[in-house]
Every structure is written in structure tokens, then in C-alpha cells.
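The following paragraphs lead the reader through a structure, from its side-chain contacts to its overall build. Please keep the sequence and the model in view while reading.

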Amino acid sequence: MNFEWLGRQSDRIMDLVGWHVLLSLIPLVIGLVVALPIGWVAYRSRRLHPYVVGTAGLLYTIPSLALFVLLPPILGTKILDPMNIIVALTVYTVALLVRVVADALDSVPPETVLAATAMGYRPYQTLLKVQLPVGVPVICAGLRVAVVSNVSLVSLGALLGIPQIGSLFTQGFQLRFYTPIIAGIALCLVLALILDLLIMLANRLMTPWTPKVTTS
């Protein structure tokens, strides 16, 4: 490791980290918003459930690099436009979270839903005030998988020249210089860990009724 080189490149590296965070989190948020109604449809209709969940699963099998290349002509964007990465990762996030949302809603005890109905809640009120809050742990578990996946997939955008941590990999490969490659791997691992911990913290804050695990 050449720490002198890391010191000289620190400003650029922090800029790449900032882009990596944005390109990882924006698709996560958009994907969750899109997956919620689709997952609700899959949960409500047992007839549609296998088709909706199956189609979402197929989307995740699309090779990421191929999707990055195909999107510019479809969206009318340039190959270096970060929007291509955002849209592609949003597709993958939706693919991961549709089943998660359906499972989260299905995990709510039927008696809880019946109690909400008996209290006069309309279906949308039951969804927003009862089912989604109770299903938060399941949804957060899915978000943890999705955010780690996004952090990994974003780095492939470096092959198209989109700046983020993956740019360190291509730079190191081109120069046959291992320091940026090792630094990039370490930064991806640390970023994934931090985002994972933040989602766990959000889950804890949104579900204060869940029992805390204590150790002796």
C-alpha cells in the first residue's frame, strides 16, 4: 500500500465515495417506493402473486453491465450519464423488494388486521398504520440485502466511465498499481457495512416495541 499516494488523492477519493453513496441510495429509495404498491398487489391477489413475484425475480437475472449499455438508447441519455446507473439499480432494487414487501405484509397476524378493521380502519389506513409498521423488520431485512447489492453493482459503472469508487479499480488495473484497487475494495466494504448498520438502526427506531437482545 502506498499511503503517500492515498494522501495525495484523498480529495478525489472522497468525491468518488460521495458519488458512490448517492448512486447506491437513490435507487434504494426509489425502488422501495415502487416496490411497495407492487408488493401489495402480490399480497392481495393470490392468483397474481406467483406472476408478480416471478416477473420481479426475472428482472434480477438481467446482466448488470448489459443493462447499463442498453439503457442509454432506451432513455435517450448519454453513456456517461449517472441516470443510467440509477435506473438500472432501481430495477434491481424493485426486483429484490417486491417479494420482500409481499412477505412483510403476509407476516402480519390476521387477527391484527381484523382488529384494525373492527376499529373502523379503511383498507389503506390498515396498510399504512398497521401492516407496514408491523412488517418493518422484514422490509428492513430486504433493504439490507438491496443496499449491499447496490454498493457492489455501482462499481461496474466505472467500466462506462461513471465516477465512483469503482474508478479506483479501473485506474489500478490500467496502471498495474494495486494501491487504488485495495483502497477501493476496503471503501466498498466499509460503505456497505455503514449503510447496513444505518438500516439496522432505522429498524430499531421504527420498531421500539420489539424486544431487545441482551447478553449476559
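**A guided reading of the model**

Thr-207 is found in the segment after H10. The model is a predicted one, and in it Thr-207 has a relative accessibility of 1%. Since the limit for a buried residue is under 20% relative accessible area, Thr-207 therefore counts as buried. A polar atom of the Thr-207 side chain lies 2.5 Å from the backbone oxygen of Asn-203.

The chain as a whole may be considered next. Its secondary structure comes to 10 helices and 0 strands, and the pattern read along the sequence is α-α-α-α-α-α-α-α-α-α. Along the principal axes, the C-alpha atoms fill a box of roughly 65 × 55 × 20 Å. The chain has 216 residues, of which 39% count as buried.

How many salt bridges does the structure hold? There are 3 salt bridges. One of them joins Arg-8 to Glu-4, with 3.5 Å between the closest N and O atoms. Arg-8 and Glu-4 both belong to helix H1 (residues 3-8), and because they are 4 residues apart there, about one helical turn separates them. Both Arg-8 and Glu-4 are exposed.

Another salt bridge is formed by Arg-46 and Asp-106, whose closest N and O atoms are 2.8 Å apart. This pair links distant parts of the chain, 60 residues apart: Arg-46 is in the loop between helix H2 (10-44) and H3, and Asp-106 is in helix H5. Arg-46 is exposed, with a relative accessible area of 52%, whereas Asp-106 is partly exposed at 43%. Exposed means over 50% relative accessible area, so the 52% of Arg-46 places that residue in the exposed class.

A salt bridge also connects the side chains of Arg-144 and Asp-196, at 2.6 Å from N to O. Here too the pair links distant parts of the chain: Arg-144 is in helix H8 (residues 136-154) and Asp-196 in helix H10 (residues 178-206), 52 residues apart. Arg-144 counts as partly exposed, at 32% relative accessibility.

A search of the whole structure finds 1 aromatic pair. Why is the pair of Tyr-60 and Tyr-92 described as edge-to-face? The ring centres of Tyr-60 and Tyr-92 are 5.4 Å apart and the planes stand at 75°, so the pair is edge-to-face. The cut-off for this class is an angle over 60 degrees, for rings whose centres lie within 6.5 Å. Tyr-60 is in the loop between helix H3 (49-59) and helix H4 (64-75), while Tyr-92 is in helix H5 (residues 82-106), so that the pair links distant parts of the chain, 32 residues apart. Tyr-60 is partly exposed, with a relative accessible area of 33%, whereas Tyr-92 counts as buried at 2%. A ring is involved in one further contact: Lys-129 lies over the face of Tyr-121, at 5.8 Å from the ring centre.

Trp-19, Leu-22, Ile-26, Ile-30, Val-34 and Ile-38 make a nonpolar surface patch of about 450 Å².

Gln-171 is placed in helix H9 (residues 166-175) and counts as buried, at 18% relative accessibility. From C-alpha to C-alpha, Gln-171 and Gly-54 are 39 Å apart in space, and they are 117 residues apart in sequence. Arg-176 is found in the loop between H9 and H10 and is exposed, with a relative accessible area of 77%. What is the phi of Arg-176? Arg-176 has a positive phi of about 55°, although it is not a glycine. Most residues other than glycine have a negative phi.

Conventions: Residues are numbered from 1 along each chain as its sequence is written. This is a predicted model: local features need pLDDT of at least 70, side-chain atom pairs count only at pLDDT 80 or more; totals for chains, interfaces and linings use all residues. Side-chain values use heavy atoms; hydrogens and water are left out. Rings of Phe, Tyr and Trp (its six-membered ring) pair if their centres lie within 6.5 Å; planes under 30 degrees apart count as stacked, over 60 as edge-to-face and the rest as tilted. Helices (H or I, at least four residues) and strands (E, at least two) are DSSP runs, numbered from the N terminus. Buried means under 20% relative accessible area, exposed over 50%, partly exposed in between (1.4 Å probe, protein chains only). A charge sits over a ring if NZ of Lys or CZ of Arg is within 6 Å of the ring centre and within 35 degrees of the ring normal. A salt bridge is a side-chain nitrogen of Lys or Arg within 4 Å of a carboxyl oxygen of Asp or Glu. Patches are made of residues with over 30% relative accessible area and no salt bridge: like charges are joined within 9 Å, nonpolar side chains (Val, Leu, Ile, Met, Phe, Trp, Tyr) within 5 Å. Accessible areas come from the Shrake-Rupley method with a 1.4 Å probe; for residues, only the protein chains shown count as cover. A polar contact is a pair of N or O atoms within 3.5 Å; within protein, one must be able to donate a hydrogen and the other to accept it, and residues adjacent in sequence count only if both atoms are side-chain atoms.
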